[in-house]
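Subject: Structure handover

Hi,

Here is the structure I promised you. Please open it first, then read my notes below.

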Amino acid sequence: LPENRIRALAQTPDGYLWIGTSGGLARFDGVRFVVYARFNTPAMTGDDVSALAVARDGSLWAATDGGGLLHYQDGRFRSFGPNQGLANEFVRAVHVDRRGNVWAATNRGLFRSAGEKFERIDEELHLPNIAFFGLYERSDGRVFAGGPAGLFSIEDGKLRPYGAGNQMEVYYIGAARDGSLWLSTTHGLQ
């Protein structure tokens, strides 16, 4: 591994295990590791991988702290940053929803893929803090996003505050078997 601090894990349908670290991305085939980092992968502008998501087509999306988004498909990496609409290259979470939309939670807004570009969807709310850290999709297809401004859901393509109070910073979103959401916040587990 390029680094002992593992930040993300994912397995693609071809059987590869992908490991995101602060020193690069590693692919494990069950016997050996192949490391992808700035020194050997021209599309990578940042080695600090913060999150991974597998798309329905079997491709891999990697969020990086400082290098935007990376997309690995057919043996090649492609980077997504300001030229593709992301206002910030510090991406904290990435999610591919059941419709194939790619969501990117960044330090400067929440973005959704629109063809080969990304569009920001949180601007209408004029949030006091525009960072987003967590993404989650429930079994009914509703996507949730969280950050310092609270918990939000995406309804009809629009970002809406979710839940009463909504005054806690949300870092991670998960769910129990019954569908209830669990949040990692500044006030503990909610």
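Thr12 is in contact with Trp18, Val54, Gly58 and Leu60, leaving aside its neighbours within four places in sequence. Thr12 itself sits in the loop between strand 1 and strand 2 (17–21). Is Thr12 buried or exposed? Its relative accessibility is 5%, so Thr12 counts as buried. The cut-off for buried is under 20%. Keep in mind that this is a predicted model.

Next, the aromatic rings.

Trp18, one of the contacts of Thr12, also belongs to an aromatic cluster. The cluster is formed by Trp18, Tyr36, Tyr72 and Phe77. How many aromatic pairs does the structure hold? It holds twelve. A pair of aromatic rings is described by the distance of the centres and the angle of the planes. Take Tyr72 and Phe77: their ring centres are 4.7 Å apart and their planes meet at 50°, so this pair is tilted. Both Tyr72 and Phe77 are buried.

Now look at Phe133 and Tyr171. They form a stacked aromatic pair. The distance is 5.1 Å centre to centre, with 5° between the planes. Planes under 30 degrees apart count as stacked. Where do the two residues lie? Phe133 is in the loop between strand 12 (117–120) and strand 13 (134–137), while Tyr171 is in strand 17 (residues 170–175). The pair therefore ties together parts that are 38 residues apart in sequence. Tyr171 has a relative accessible area of 35%, so Tyr171 is partly exposed.

Arg27 lies over the face of Tyr16, 4.2 Å from the ring centre.

Another arginine to find is Arg56. Arg56 lies in the loop between strand 5 (49–54) and strand 6 (60–64). With a relative accessible area of 64%, Arg56 is exposed. Which residues does Arg56 touch, not counting those up to four places away in sequence? They are Arg98, Arg99 and Gly100. Arg56 and Gly100 are 44 residues apart along the chain, yet their C-alpha atoms are separated by 7.1 Å.

Last, the surface.

Leu1, Ile6, Leu9, Leu17 and Phe33 make a nonpolar surface patch of about 450 Å². Leu1 lies in the segment before strand 1 (6–11). Leu1 has 45% relative accessibility, so it counts as partly exposed.

Best wishes

Conventions:
Residues are numbered from 1 along each chain as its sequence is written. This is a predicted model: local features need pLDDT of at least 70, side-chain atom pairs count only at pLDDT 80 or more; totals for chains, interfaces and linings use all residues. Side-chain values use heavy atoms; hydrogens and water are left out. Patches are made of residues with over 30% relative accessible area and no salt bridge: like charges are joined within 9 Å, nonpolar side chains (Val, Leu, Ile, Met, Phe, Trp, Tyr) within 5 Å. Accessible areas come from the Shrake-Rupley method with a 1.4 Å probe; for residues, only the protein chains shown count as cover. A salt bridge is a side-chain nitrogen of Lys or Arg within 4 Å of a carboxyl oxygen of Asp or Glu. Helices (H or I, at least four residues) and strands (E, at least two) are DSSP runs, numbered from the N terminus. Buried means under 20% relative accessible area, exposed over 50%, partly exposed in between (1.4 Å probe, protein chains only). Rings of Phe, Tyr and Trp (its six-membered ring) pair if their centres lie within 6.5 Å; planes under 30 degrees apart count as stacked, over 60 as edge-to-face and the rest as tilted. A charge sits over a ring if NZ of Lys or CZ of Arg is within 6 Å of the ring centre and within 35 degrees of the ring normal. Contact means heavy atoms within 4.5 Å.
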